[in-house]
Amino acid sequence: MKIPFFVIAFFASAALCAQPVFPLRGNSYVQRGILEYGGEEFPITGFVKYFGLSSETAIVVDSSMGNLAKFVLGSDGSEKSLEVSQVIPERIVRKTMLRDARAVFGYYGLLGANVVKMSKNLRGFAADLKFDGYSVKFSDYKLWGEGKLLPQTIEIASDSYKLKLTLVALLK
C-alpha cells in the first residue's frame, strides 16, 4: 500500500514543529512544585537531563520522602528505563509521571487519548493541552540562559491530582 506524499509531509512537518511548540523538550533543567493528592500537599523537585547525542531525556522526581522515580524517555517519548521507590507503585508512576513528562514534551501519540486539544499562545508556544479529564497549562514564559523562551509555570490537573511546577534553573 502506498502512502500519499501529503500524509508523509504532514507528519514530517509535525515532527519538525514539535520542538518549538514545546520548548522544554531538548533542555536540561530543575523544577520545583507542589503535588496535591488526597487532600494533602507534597513538595517535589524534578531534575531533567537531556542527552543531546542520543536525544534521550532522564528525569528524576524527588520529594521530602526521598526519590520517587527515575526514568528515561527516548527521542520519541518511549520509555527506555524506569526505577520507582517503595513510596509510589510502578503503575501510578506510569499513569502519572510518565504521562506528565510526555505531555510537557509534546509527545501526543503516547498519551493514550483519541483526541488531544492544544492551544498556542501568541508566540506559537503551547499554552495548554486537554484530553480525557486531564489538562496541562504552560504559562509565564520568560527568557532563560542564552535567550531561550521557556514556560516558568506548568500546571497539571487530572481527576485525581494537581501539580504546579515552577522552573527554577536551566542546566548546561
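Let's start inside: 36 residues line the largest pocket, and Leu-35, Thr-96, Met-97, Asp-100 and Tyr-161 lie nearest its centre. On a 1 Å grid over the protein atoms alone, a pocket is an open set of points where a 1.4 Å probe fits, with protein on both sides within 12 Å along at least five of seven lines, and a lining residue has an atom within 4 Å of a point. This is a predicted model, in which local features need pLDDT of at least 70 and side-chain atom pairs pLDDT 80 or more, while totals for chains, interfaces and linings use all residues. Residues are numbered from 1 along each chain as its sequence is written, and side-chain values use heavy atoms, leaving out hydrogens and water.

The largest pocket has a volume of about 790 Å³, counted as the space filled by probe spheres set on the grid points. Which element supplies the largest share of its lining? That is H2, with nine residues. Helix H2 covers 90-105, and among the other elements that each give at least two residues are strands E1 (28-37), E2 (40-51) and E10 (161-171). Helices (H or I, at least four residues) and strands (E, at least two) are DSSP runs, numbered from the N terminus. By type, the lining divides into 24 nonpolar, seven polar and five charged residues. Here Ala, Val, Leu, Ile, Met, Phe, Trp, Tyr, Cys and Pro count as nonpolar, Asp, Glu, Lys and Arg as charged, and the others, Gly among them, as polar.

Now follow strand E1. E1 and E10 run antiparallel and are joined by 10 bridges; Tyr-29 has Leu-170 in E10 as its bridge partner. E1 also runs antiparallel to E2, with nine bridges, and Tyr-37 stands opposite Glu-40 in E2. Strands pair if DSSP finds at least two bridges between them. The hairpin of E1 and E2 has two residues between the strands, and Gly-38 takes a positive phi near 60° there.

Finally, look at the rings. The structure holds five aromatic pairs, meaning rings of Phe, Tyr or Trp (its six-membered ring) with centres within 6.5 Å; planes under 30 degrees apart count as stacked, over 60 as edge-to-face and the rest as tilted. Phe-105 and Tyr-107 form an edge-to-face pair because their planes are at 80°, with ring centres 6.5 Å apart. Both Phe-105 and Tyr-107 are buried, that is, under 20% relative accessible area with a 1.4 Å probe and protein chains only. Phe-131 and Tyr-134 have planes at 50° and centres 4.9 Å apart, so this pair is tilted.

How values were computed
Buried means under 20% relative accessible area, exposed over 50%, partly exposed in between (1.4 Å probe, protein chains only).
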